[in-house]
Structure formats: structure tokens, C-alpha cells
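Here are a few exercises to work through with the model open beside you. Try each one before reading its solution.

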Amino acid sequence: MKTFSQYLIVHSQENHIPKELISTVESIIIACKQISRNVRLGALSGVLGEAGTGNIQGEAQKKLDVIANQILIDTLRTNPNVAGLASEEEDNFVAANEQGGYLVLFDPLDGSSNIDVNISIGTIFSVLLKPLGSLKTESFLQKGSEQVAAGYVLYGVQTLLVLTFKHGVHVFTLNEQGEFIETKSLPQIPEQTAEFAINASNQRHWEQPIQKYINELLAGKDGVREKNYNMRWVASMVAEVHRILMRGGVFLYPKDNRDPSKAGKLRLMYEANPLGLVVEQAGGKITNPRENMLEIQPTGLHQRVAVVLGSAEEVGHVRELHI
């Protein structure tokens, strides 16, 4: 099994990946290892509980949200290849190094409602090329298809790194010596599945196509789909996506009717695009659910979207119901 460093050498040579991009990703992983140590110690290091602050979305921040966010900012700003950062926890972008060629966007700690109950959470990241000219908000507003690297670090039973440079997906496990070791290469999401993940408590608010879809699944083998489905829900998108990556499934966080002005709850730039690239690179699909998520032109750093991702057959069926 290759170490992460060995993988980077081989993969970059085989696919002509610039050393500046490799360096940028290495900095992200250094920060995530530090976050992992904080997560692992939990109450022993006094990092659990509310921070007493809120982010730009008006959501209460956990102490670990704030800590993880600052670790990533501090680490990435020391890398000369990083021109700027954007975080789910920051109102605006953060400038880094003027001569840098890359932009990094991240959700420092996805699934933070699970922090205090020791259920899987994770860091999601996306890397973009910096456009020519001075750094501004518009520099970050690129389609998901333009990402040059993306992935996540899952803090669960093991700490796992899942990464793509758009040449397939690779999975690494953090060992006792603090080194990531490649443990799975090029996983593929099965095209078909009998497992779905959705927050069913919101059912009364869903649009009609999603209502119809979930009713089909719940009807099981006696319904039009002619097979039984199981439901899962972790309330941590990064954990849901990892399960789908490993064994298939479909994840849905649809638009609902409580606030018609919002296109959805999840963030395009920090969650949907990076996780969507991982899913697509592993043979899955992602939609909003009316168009390919990775082809949406962003209009703001904190833009929200509806999300359907996972096994291609199910995602395609949801798309058909919205036509």
C-alpha cells in the first residue's frame, strides 16, 4: 500500500499534475490532520459545545467549527501557491498570497450537529485555478466542472481522506503514525441501488416530484419500482456521500416550500460541487434535480441548491420526474 506522499509522486507524474497544485492539496491535508486530532480528543481538549457565534447563514457555530475554520485559513495562507480562500464560515473570501495560482474553498466541519454526540463529521474541500487579474468574489464563482481537485476528510471510526484530481477517486486511511495510507483505489458507485437517504421529517414541505419519488420507494416491491428499499439518514452529508461511494445509494436534500425564495439548503460551492465531483469521478451522478450540478454557473459564494446524488439510475429517475 502506498503512502499519501508516494501516491502524489506517482499520480502527478502519470497525469502531469502541476507541483503547485500538489503543494496546495498537501497543505489542505496538513490542516485536516490537525483538525482530526482536535476531533479525536473532543471533551478532553475542551473543544465541544457551542461557540456562541453564528455564521453568515445565521446558523449557530460549534467550537470545533470555529477551530477547524481557523486551522485551514492559517495553514493555507502560509502556502505561496494559494491566492485566496472561501469558507462556509466566513462572510467574504479571505485573501492569501497575491502571486498564488489556486483558490481553495471549504466547509471546515460538515455535519456539525453531530459533533457533541460522536457521529461522523468531515472537512470538504475544493480547489480552483485563480483567473487572471486581481482577486475578487467573481474569481471564485466557477462551475463545479472547472474544479482541478476536490475531496473530503471523514472523521469517523477511522479518519479517511477521499481525493480526486479528476483522474478517478482514491481513498486513504490515517495510521497511528499520522500518515495517510492508500486503502482503496478507483472505487465505483453501483449504477443501481436499493438504499436512499433523506430527512423524512420534511416530507410535507417537498415539491410534488420528490413526494412522488419517495412514495414509489416506500411502496417497495408492490409498487412501480418492484423492489424494496432501505432508508438511511446520518445528518452529515459527507458521511452520507462516503457510504454511497463505498456501496451505492442515493442522497436527497430537496428544495421545499417553507421558503420559496431559497433554491435549497446545501451550499453549492462548499458542499455540492466538491462532493459532486467525487461522486461523478466514481461513476455516480449529481443534479439539482433539474440540471447537472457541476454545470451550474454560481452567482454567490454562499449560494444554496437542492441536491440529489448517487447511483446513476436513481438520480436519472428523479430527473425524469422533474421534467
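This is a predicted model: local features need pLDDT of at least 70, side-chain atom pairs count only at pLDDT 80 or more; totals for chains, interfaces and linings use all residues.

Residues are numbered from 1 along each chain as its sequence is written, and side-chain values use heavy atoms, with hydrogens and water left out.

**Exercise 1.** Work out how H2 and H3 are oriented to each other.

Solution. Start with the axes: those of helix H2 (residues 19–41) and helix H3 (residues 63–77) come within 9 Å and cross at roughly 150°. The two helices are therefore roughly antiparallel. Next, look at who makes the contact (heavy atoms within 4.5 Å). On H2, the residues include Thr24, Ser27, Ile28 and Ala31, and on H3 they include Leu64, Ile67, Ala68 and Ile71. Finally, sort the contact residues by type: 11 are nonpolar, five polar and none charged. Here Ala, Val, Leu, Ile, Met, Phe, Trp, Tyr, Cys and Pro count as nonpolar, Asp, Glu, Lys and Arg as charged, and the others, Gly among them, as polar.

**Exercise 2.** Find the cluster that ring pairs build from Phe4, Tyr7 and Phe172, and take it apart.

Solution. First, the rule: rings of Phe, Tyr and Trp (its six-membered ring) pair if their centres lie within 6.5 Å, and planes under 30 degrees apart count as stacked, over 60 as edge-to-face and the rest as tilted. By that rule there are six aromatic pairs. Take Phe4 and Tyr7: the ring centres are 6.2 Å apart and the planes sit at 20°, so this pair is stacked. Both residues belong to helix H1 (residues 4–15), three residues apart, which puts about one helical turn between them. Now for burial (under 20% relative accessible area is buried, over 50% exposed, in between partly exposed; 1.4 Å probe, protein chains only). Phe4 is buried at 8%, and Tyr7 is buried at 2%. Move on to Tyr7 and Phe172: with centres 4.9 Å apart and planes at 65°, the pair is edge-to-face. Since Tyr7 lies in H1 and Phe172 in strand E9 (residues 169–174), this pair ties together parts 165 residues apart in sequence. Phe172 is buried too, at 0% relative accessibility.

Notes
Axes are lines fitted to C-alpha atoms, for helices over the stretch in contact, and angles run from 0 to 180 degrees between N-to-C directions. Helices (H or I, at least four residues) and strands (E, at least two) are DSSP runs, numbered from the N terminus. Angles under 35 degrees count as roughly parallel, over 145 as roughly antiparallel, 65 to 115 as roughly perpendicular and the rest as oblique.
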